[in-house]
Amino acid sequence: MQGYNPQQLEAKWQKYWKDNDFDSVFKDNSRTKYYVLEMFPYPSGSLHMGHMRVYTIGDVLARFLRMRGYNVLHPMGWDAFGLPAENAAIENGVSPRDWTFENIKEIRQQQKSLGLSYDWNREVTTCHPDYYRWTQWLFLLFYRRGLAYRRNAAINWCPYCETVLANEQVENGCCWRCESEVVTKELEQWFLRITDYAERLLQDLDLLEGWPERVKIMQRNWIGKSYGTEIVFPLKEFPGSELRAFTTRPDTLFGVTYMVIAPDHPMVNELVKGTSYEKEVMDFVRRTVNESEMSRTGEEVEKTGLFTGRHAINPVNGEEVPVLVGNYVLMEYGTGAVMGVPAHDQRDFLFAQKYGLPVKVVINPYDRDLSSDSLVEAHEGPGYMVNSAMFNGLDFEEGKNKITEYLEQEGKGEAKTTYRLRDWLISRQRYWGAPIPVIYCDSCGTVPVPEEELPVTLPENVELAGDRVPALSQYNSFVQAECPACGSKEAKRETDTMDTFMCSSWYFLRYTSPDLEKAPFSSEDADYWMPVDQYIGGIEHAVLHLLYARFFTKVLYDAGMVNVVEPFSRLLAQGMVYKDGAKMSKSKGNVVTPNDIINHYGADTGRLFILFASPPEKDLEWSEQGVEGAHRFLKRVYRLLEEYASVVREGSGKKQPEREEKELRRSVHTAIKKVTGDIEERFNFNTAISAIMEMVNSIYEYVQEKEHGEINSRVLQEALEATVLLLSPFSPHIAEECWRMLGYDNSVLLSSWPEHDPAVLQVEEVEVVVQVNGKVREKMMVPAGLSREEMIDEAYQKERIQQYLKDREVIKAVAVPGKLVNLVVSGDN
């Protein structure tokens, strides 16, 4: 094969790997295991360069570790359920199943054309009954352990699409897809009790030393543990009724001047019913509950509210304060009611100014007194209590405890720890998801589907109803069921499907036993492979997917099915890929696909560029010039092997290395050390590739200085072998071809990773610059490791330097070991 032809070369070696089953892996107790995993994709169409980046990162690590002697598990699969498949079915007139499997076929071929070393024997597809059978089995496990339950919940409902919408899918009160007005609806929904694991999920973040700190902070904030006090506020107009508010600042209780409740608080209707405020408040409620959390609570969002006409009574001083309903209070967090303390909370201060509500100072800073009339902003910092009756003069921290103790003694409140985290709602009123394995019987109530009857499969023949895919409730043959408990023929199946996060919360375990028919996975296999040693994926999954996977793992640990409490030891959240300053997307028309690169430059070029252009955790700007540069480098490597591999094979040249050979060996072993550390310890793939490039430059400099007959073949062989071996994880196809050029019959993948020799890195001589009064006057070669005094003596011996010192006094001599000597002398030079 003359010249670098990547398309021909890559097809050749991909066939070779497949024919020889290079990527299959099995348990091997004689070797250390390493589980490398990229987050599996949703098969929504062709891959883009963002996908290519994450897969290439994982593949480089997997190939590197195999060469280091590890037993590496590197699987791939498909997160295949979800709403996009239903949308595609509507747009293209095909079933979600057909659309999904067609996309899987296309993406799998793209991944293979990139040379990704996946063990395809372990492929999993979440929408296949063989997989979601076990997702249903795990649901029943949660149910038996009291962790799955059903209750009414308020949801966003699109009457036209007949489905639940996430808050993010409601735009200006309308469905994002059909633009119908969204309504709030109470539905019975299935939940998982993730809140039972809130404290463990929080505490065990400390075990995850290999996770980025920003991801752990995001999870801590999502779990949202708070220490404070829950306070009871009686309602003036409703004797015997009360509002409860949680606060982390009970020391400010005497400063409460109003209360605000969430629009969906269960008491809103009762508070305003039959009053002149009813219509305005209920209109406000209907508008607000359909807005997303961010559009209600974001820092830049205006905080709005309406008076309900009712009042609450402050339990410590008996003052009556107005009760408002506000957009920024969420029922999902705390009690759905907050106390307004405008003097000591900036949000409350701005809200009070807007609506003319009183401001009352109850905490003075240590160095001055505050006046409610002259406040220009809230004092949220420390201080001592004032205007607080018997608590006056207490430090605010002591005041928190004293106020709480008083409330507990009076039965008006209690110390409480709360979490922002809420139970996980898993019900989806859609077709394309794993059916929830439950049957409802008028006589027996809720009955789990027996395990031997799993999977509960989706109806095969999907009939599109206009511009939507009918939910499972529309398929009578699916709904009608026999009660497993009493045999009644009038029972009905649950028609909700599960949130797709259910499927992705355990898929990494299925990879360990992909063909097992009697359980979701083998505990023996899971104990060997788990935890995942390196997990790779986007920062957008930092909370939900990662949190749910951690939750699942802890439940399975408690059930005795796994021996790890955390699923992922190390996490790499790679950056985005941008083009023309914007994230690649079809809507912007700036997508570059792997096929574009493979067809023009080859997969090895694409792999090399996407790792060289930026550190993996940083965003990457796509550059055609950068791709061209990567391609030129690979052609340069290929030419080097074409021309000089024969020199190595023939064994010509001198045997004893001279200075040039020693410099080349030093460059080679420097590169080996650098590349090894950058991959293994730091994931600095860009600097690793740069080190390979510098080594190749050194090889070219060496061979161009020598005639073929003068080349030391043993030194050149070491250099060329190191080049191919170090390059092989990044660009494996060209590495295979070049390895054969060097005369080897085995695959480069079966070769051992090179080790650097510390002795070679020791410099025998170094070049030292000699300055006189700061000007370079001489350069000299001296033994490495000379002391300052010895370097200065060597400088004095140089004839040229002696000429500059003639008839002059040396005022000062300075030496930097291994670099320079500077002689400061009297007079002019």
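Mentor: Before we start: a salt bridge here is a side-chain nitrogen of Lys or Arg within 4 Å of a carboxyl oxygen of Asp or Glu. Keep in mind that this is a predicted model.

Trainee: Okay, which residue forms a salt bridge with Lys-216?

Mentor: Look inside helix H7, residues 213-223. The closest N and O atoms are 3.7 Å apart, and the cut-off is within 4 Å, so the pair counts. The partner is Glu-213.

Trainee: Is Lys-216 buried or exposed?

Mentor: Its relative accessible area is 8%. Buried means under 20%, so Lys-216 is buried. Glu-213, with 43%, is partly exposed. For Lys-216, then, the word is buried.

Trainee: How many residues apart in sequence are the parts that Arg-97 and Glu-460 tie together?

Mentor: Their side chains meet in a salt bridge at 3.7 Å, N to O. Arg-97 lies in helix H4 (residues 96-113), while Glu-460 is in the loop between strand S22 (445-448) and helix H13 (476-479), so the pair ties together parts that lie apart in sequence. Arg-97 counts as buried at 17% relative accessibility, and Glu-460 as exposed at 55%. The separation you asked for is 363 residues.

Trainee: What is the N to O distance for Arg-368 and Asp-367?

Mentor: Arg-368 is partly exposed at 45% relative accessible area, and Asp-367 is exposed at 62%. Their side chains meet in a salt bridge, with an N to O distance of 3.2 Å.

Trainee: And how many salt bridges does the count come to?

Mentor: Some residues join up in a network, namely Asp-204, Arg-550, Lys-554 and Glu-566. By the rule we began with, the count comes to 44.

Definitions and conventions: Residues numbered from 1 in each chain as written. Predicted model: local features only at pLDDT ≥ 70, side-chain atom pairs only at ≥ 80, totals over all residues. Heavy atoms only, no water. Helix = DSSP H or I, 4+ residues; strand = E, 2+ residues; numbered from the N terminus. Buried < 20%, exposed > 50% of the residue type's maximum accessible area, 1.4 Å probe, protein only.
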